[in-house]
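Please open the model in the viewer and follow the selections below in order.

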Amino acid sequence: MEEIKSVSLEMKDYIVSSGAETLSWCMQCGLCTNLCPWRLVPGEVSEAFNIRKMQRLGQLGLEGFEDEEILFACATCGMCQSNCPRKVEIINNVRSMRNTTVGAGFLPAHLRPIAGSIHANGNPWSGEKEKRAEWQEGLDIPAFSEDTEYLLYVCCTSCYDTRSKKIAKSIVSLLKEAGVSFGVLTAEENCCGETIRKLGDEELFQKLAESNIKLFNSKGVKKIITTSPHCLYAFKKDYPDYGGEYEVVHYSEVLSKLMKEGKLTFKGEVGKKVTFHDPCYLGRHNEVYDAPRELIQAIPGVEFVELERNKSKSLCCAGGGGRVWAEVPMGQRFGELRITDAVEKQADVLVTACPYCILMLDDACAGLEKNDVLEVMEMSELLCSASKP
Amino acid sequence: MNIIVCIKQTFDTEAKIVLDGNGKIDPNGVNLIINPYDEYAIEEGIRLKEKFGGDVTIVTMGGPRAQEAVRTALAMGADKGVVVNDPILEGTDEWANAEILAKAVAQLPYDIILSGRIAIDDGASQISVRLAEALNIPSVTSVLKLEVAGTQVTATREIDGGTETIEVALPAVFTAQKGLNEPRYPSVAGIMKAKKKPLKSMAVADLGLAAGDLASKMSVQKYTLPTARQAGQKIPGDAPQAAKELARLLHEEAKVL
Amino acid sequence: MVRETGLTSSAFVEILLAYKGGKRMAYKSILVVGGGISGLTAAVEASEAGSEVYLVEEKSYLGGRVAQMNQYFPKLCPPNCGLEINFRRIKQNPRIKFFTLSEIESIEGEEGDFTVTVTAKPRYVNQNCTACGKCTEVCPAERSNEFNYGMDKTKAIYRAHAFAFPMKYVLDREACLGAECGKCVSVCEYGAIELDMEPKSFKLNVGSIVWATGWEPYDATKISYYGYGRHQNVLTNVMLERMAAHNGPTGGKIVRPSDGKEVKTIAFVQCAGSRDENHLAYCSGICCMASLKQATYVLKQAPDAKVSMFYIDVRAMGKYEDFYNNVKDKINLIKGKVGEISEDAETKDLIVQVENQETGEIMRERVDMVVLATGMVPSTAGSKVPAGIVYDEDGFIASETGKPGIYGAGSVKKPLDVASSAKDATAAALKALQSTVRR
């Protein structure tokens, strides 16, 4: 017989006050658990992670939800939340539950260096703060000023990770080609804080948000283009809580609009079968589905195919919510299923538009040894390859 | 069983060390954590309490933020906390610190005293042994395994290339090495309870010490940052050729062989 | 003789004038829109109290969705029993005139004095039809049979169903090959087929209107994770009801659409698109009872069948609790809303992803067939009453319609079971009568 546990309304109130206001809306139907991508992979975490149960434990103030494996298993993909019959903000509830332990100084061991790095260097990758804008050398990128329309905010990953830097450079090249008025403040910026907020470290997020907002406002920033859908989410949905109100778009939205106006054309041919993986933070969280497709399909020679799970049903790469730093054995990562799906559709190229997705899918493709049949590309790289004949 | 755990709040392992205008280490904006080695000590203390009953008191010395570290330890399962918070601590050396700590610990009943074997900031690894000397009790450092039976303890400690087993009678001081245990992740209930646990704050004067008693025997002359890491060198050629060239470089340039 | 009225260009009814303290009750007749169980009940009840009643139905037959049922709970009555009683009351009552294949174009006027414009679509078959069926035999064209929710086909000239009332054939002009074919006309001994029949428009003057246009099943293709429309063996509850009916597409045998095999394992998925802010926010209240009822169909056909019902809450309201108690031990009742339903590409079996919340087991249940218990959407969610009527946020007609003299009845007001619809219609008939008399 299981040991008797005590219900604690005090604990429930503590969780709710950390940001889980919709926790009591949940009627425990269970749809969330059964749409969760963890159901698609085997393993210990999959067997333990039950989002409905986690919400229930929170509602009753019962111990058990804070088990490291369970509480930090959620990739915040939003599949549960976008289908929830009561529109419970499940991800906010997860974030708040994480905040109850993280706020008291407890992060799982594998995430402590990440938070430490953000504190010390303003980015999660242990990159030196002074080198944040190093990737810009030789690219002649204007600094943001009162006369520039957009601030281009580049994700930390693309400032420090070698492979990811190529994404930043491609995006800059495309924006220039399309004649966008943009500038950067990279050297003075800090991480947008989206993921650390999802991990429950509200204090660190606040520190980042306040420093970025102070910087942006002092320079007169009104509009922001982001290279990552995670930064898009942070500036659009998280920053207003701390006084940062900006018009924020993902680079695909800007480029698609300009392409339709004739300011961006693709003269080169890419005679390949291309498919698109909708990043959770671009698709489900920010509802941008068409812009990337319009851009890809405008490239001459491209044969576009949809993956089985596309648009609002897209299957998460397993990188969000801090999972990009988790150690997960092969065979238990749902990102691998995307590679399998793309290979089954006989696609030559799997395109996506998020730096975390690129990390996860690159990894999965290599792990499954499919690099000889499938190329994983970021969308800006594909578009660049087609800009010249 | 009366268990005391001495902890230190240190810079985050990822923190960047910056020197201020006076050549001192700048603590502004740095994230602070419990010294990771002390976490093993806290965990061991709580386990002893679970096995033998009694309570665990956390003792620390530090600045205004040291309380956070104690609250974290209380959330893990410790019962009480004592913080010695005094501006005088900014200038004290290891000897003076041990004197202060000994006075604070002497006020409490103790059967066993635990701590981490080294602090990751200054790496001095002295204070626990000095504390034991000041209290005139034995100390065993770098403990990998602790077996307590009544007032007899069998401690396995790590030495270069192996381990040695020491039998000692309580009271005694033990310092924890990595591998002693796996520190627990606290429950939210524990975190909430921790807010109500008693935490006593005291100044050096409360311990019956005056500044004159604590004149440092050692002073820091200067801090310098390590030289920047140089770019790596790629050695060309096939394996036997490259190995020969590498050996030459290590002998002549790096002077390590 | 059937009292369906064949019309000339305009048909006016006797005008009865009633005076009471200055208010002129122009007309004592009542219009009932909708010939389902609610409309039929309102019509016969009002006419048996003395009113002249016009009954307008858009389909070619009366009986609505009840005619499409196999049995209804709790007594598991065949619907044609109750419908026949109503049809007999219509036949015996000279005060009821009904029009099939007709719709309301416009409503003008006010309580006691409405002028309603009705459009009657052509049946292409006249009063001479004896329903002998020879035309169907020779007809070369086919159409999807909407009576069976598209699960089978009929010829272009067809009888709505075995018990159709009025028992006359009807021609689907879009499916029909036209006069160039003319096979049905040639074979008909009674000269009943008129391929050139025209739609007719006429006005009715009535004192009050009962709007009883009923409901439609929620479109299950909108619930993308359930795979309806993609996986062949995923059906909706109304489709299973047809399949179980003797006059249905399979003669009453519950079999898999993919391969015709008898169903041995079946999953009823409750709240499919109901109690859901993303679909229908409300509960339709009858789908739990419908699934319990349909579970008895499956067990009758195959007593060793494994029937599972996945629910959030089982809603067997009031006295229906007894029905629930009788069925619940014969099936696997599992608390847990179903997530994704996927299909085994080879066998076309369905795999149902669901958590059994009582045991905590996360299941991937393989079944032959899935039945989605979809909810009821009022017809007025789509097509509104051509008058200023108040609806609620889901499109149901509000209890106080805001227009004196016009009353809603039945499932167009809220989701109801058959018995409750009949009661609601009787109440509406009384209100409609009062509007014509006003004492």
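Select chain C together with chain A: 17 residues of chain C are in contact with 15 residues of chain A, where contact means that C-beta atoms, placed from the backbone, lie within 7 Å. On the chain C side, the largest share, three residues, is contributed by strand β20 (residues 350-356) of chain C. Helices (H or I, at least four residues) and strands (E, at least two) are DSSP runs, numbered from the N terminus. The chain C side that touches chain A consists of five nonpolar, six polar and six charged residues. Here Ala, Val, Leu, Ile, Met, Phe, Trp, Tyr, Cys and Pro count as nonpolar, Asp, Glu, Lys and Arg as charged, and the others, Gly among them, as polar.

The model is predicted: local features need pLDDT of at least 70 and side-chain atom pairs count only at pLDDT 80 or more, whereas totals for chains, interfaces and linings use all residues. Residues are numbered from 1 along each chain as its sequence is written, and chains are lettered from A and ligands numbered from 1 in the order in which they are written.

Next, display chain C alone. Chain C contains eight helices and 24 strands, and its C-alpha trace spans about 70 × 60 × 35 Å along the principal axes. Of its 439 residues, 49% count as buried, that is, 20 or more other C-beta atoms lie within 10 Å of the residue's own, with C-beta atoms placed from the backbone. Among contacts in chain C between residues at least 6 apart in sequence, 68% join residues at least 24 apart.

Move to chain A and select helix α14 (residues 251-260). The buried residues in this helix are Tyr251(A), Ser252(A), Glu253(A), Val254(A), Leu255(A) and Ser256(A). They pack against α10 (162-177), β3 (223-226), β4 (247-250), α15 (290-297) and α18 (379-385) of chain A. Just after α14(A), Gly262(A) adopts a positive phi of about 85°.

Still in chain A, select residues 154-236 and 274-362, which UniProt lists in an unreviewed entry as "domain: Cysteine-rich"; such annotations may be inferred rather than shown by experiment. Residues 154-236 of chain A are 63% helix and 7% strand, with end C-alpha atoms 15 Å apart. For residues 274-362 of chain A, the figures are 30% helix, 11% strand and 16 Å.

Finally, select chain B, which is divided into domain 1 (2-214) and domain 2 (227-257), with bounds from an automatic or database domain assignment. The centres of these two domains of chain B, taken over C-alpha atoms, are separated by 43 Å.

How values were computed:
Two residues are in contact if their C-beta atoms, placed from the backbone, lie within 7 Å. A residue is buried if 20 or more other C-beta atoms lie within 10 Å of its own, exposed if 12 or fewer, and partly exposed in between; C-beta atoms are placed from the backbone.
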